[in-house]
Structures are given as C-alpha cells and as structure tokens.
Amino acid sequence: VHGACFEYGCAGTAFIGSGKDAILAIEAGAVLTHLGPNGEWKYTGSSEQESEGEAKQRVRSVITWLREEVVPQGRGGAAVLFAHQTFLDLLLQLLLTGSDEEWTYGIPKHKLAHTGVARVLA
C-alpha cells in the first residue's frame, strides 16, 4: 500500500488520512510504503484540503515510484495498482500523454467501471 495512492481531496492539514492502523485492520499482512511520519497518508501539501495542484504533484510522485522502484526501465515486469478512478485517471493521463492539463476532477478521460483494468506498457 503506497501512502500517496489516496483519492483526490481526501487528505490535507485538517485531516491527514486514516492511518496505518486502519489499513492493517483490513489486511494485517499489507506492506506499507511511503507513509507520512505517523503512518498516515503521504500528504505533503499545505492546504486544509488537498488542492488540484497538490494532487497532480502527488500522482507524479507515484509515477516516479512506479518507474524507479516497482518496474524500473529496461527490466520489464508488471505492477498492480489499486486506487480510486480519479487518481487512476490522472495517473493514466500523465503516463500516456505526459500532461495533466486535460485532467478535470469528476470528468475522467479514462473511465473505469466499478472495477477497472488498464494495461500500460512501458
């Protein structure tokens, strides 16, 4: 579980997230990474509720993690990432086009049904 893979606007200075205890209560064997200093979501902004710009930067940090730690270039492989549609839509826009300029909250370009699967080749 990557601490920055939370839904847009669900953390900020007013609420820093559910925390590792809530995650471990659901799945005791979960591997947790990139959490905040007290085991909460990895919110690094300064807004009471996460801003659009902060969300975009957060998704970029997850892409860096995917590229550098999970599936490094040249080694091949696969990764499975679970997240909310809003997060995944922004992630896919950045991976596929290199831009987040067309991303709008609530209007996904990459619509994922209740359960969605997208295969992205690096």
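**Exercise 1. Decide whether W103 is buried or exposed.**

Start with the number: W103 has a relative accessible area of 3%. Buried means under 20%, so W103 is buried. Keep in mind that we're working with a predicted model here.

**Exercise 2. Work out how the rings of Y8 and W103 are arranged, and which parts of the chain they tie together.**

A pair of aromatic rings is described by the distance of the centres and the angle of the planes. Take the distance: the ring centres of Y8 and W103 are 5.5 Å apart, and rings pair if their centres lie within 6.5 Å. Now the angle: the planes sit at 85 degrees, so this pair is edge-to-face, the cut-off being over 60.

**Exercise 3. The structure holds 3 aromatic pairs; classify the one made by F6 and W41.**

**Exercise 4. Look at H34 in the loop between helix 1 and helix 2, and say what its phi and accessibility are.**

Backbone to begin with: phi of H34 is positive, about 55 degrees, even though H34 is not a glycine. Then the surface: relative accessibility is 29%, so H34 goes down as partly exposed.

**Exercise 5. Check the span of helix 2, then describe how helix 2 packs on helix 3.**

Span check: helix 2 has 19 residues, and at 1.5 Å a residue they should span 27 Å. The end C-alpha atoms of helix 2 are 26 Å apart, which agrees.

On to the packing. Helix 2 (residues 52-70) meets helix 3 (residues 85-97) at about 65 degrees, with the axes 10 Å apart. The crossing is right-handed. Helix 2 brings residues including V59, V62, I63 and L66 to the contact, and helix 3 brings F87, L90, L91, L94 and L95. Sorted by class, the contact counts 10 nonpolar and 4 charged residues, with no polar ones.

Finally, burial: among the buried residues of helix 2 are A55, V59, V62, I63 and L66, along with E54, K56 and R58. Helix 3 is part of what covers the buried residues of helix 2.

Note on methods. Residues numbered from 1 in each chain as written. Predicted model: local features only at pLDDT ≥ 70, side-chain atom pairs only at ≥ 80, totals over all residues. Heavy atoms only, no water. Axes fitted to C-alpha atoms, helices over the stretch in contact; angles between N-to-C directions. Helix = DSSP H or I, 4+ residues; strand = E, 2+ residues; numbered from the N terminus. Left-handed = near helix turned anticlockwise from the far one by under 90°. Contact = heavy atoms within 4.5 Å. Nonpolar A, V, L, I, M, F, W, Y, C, P; charged D, E, K, R; others polar. Expected span 1.5 Å × (residues − 1). Buried < 20%, exposed > 50% of the residue type's maximum accessible area, 1.4 Å probe, protein only. Phe/Tyr/Trp six-rings, centres within 6.5 Å; stacked < 30°, edge-to-face > 60°.
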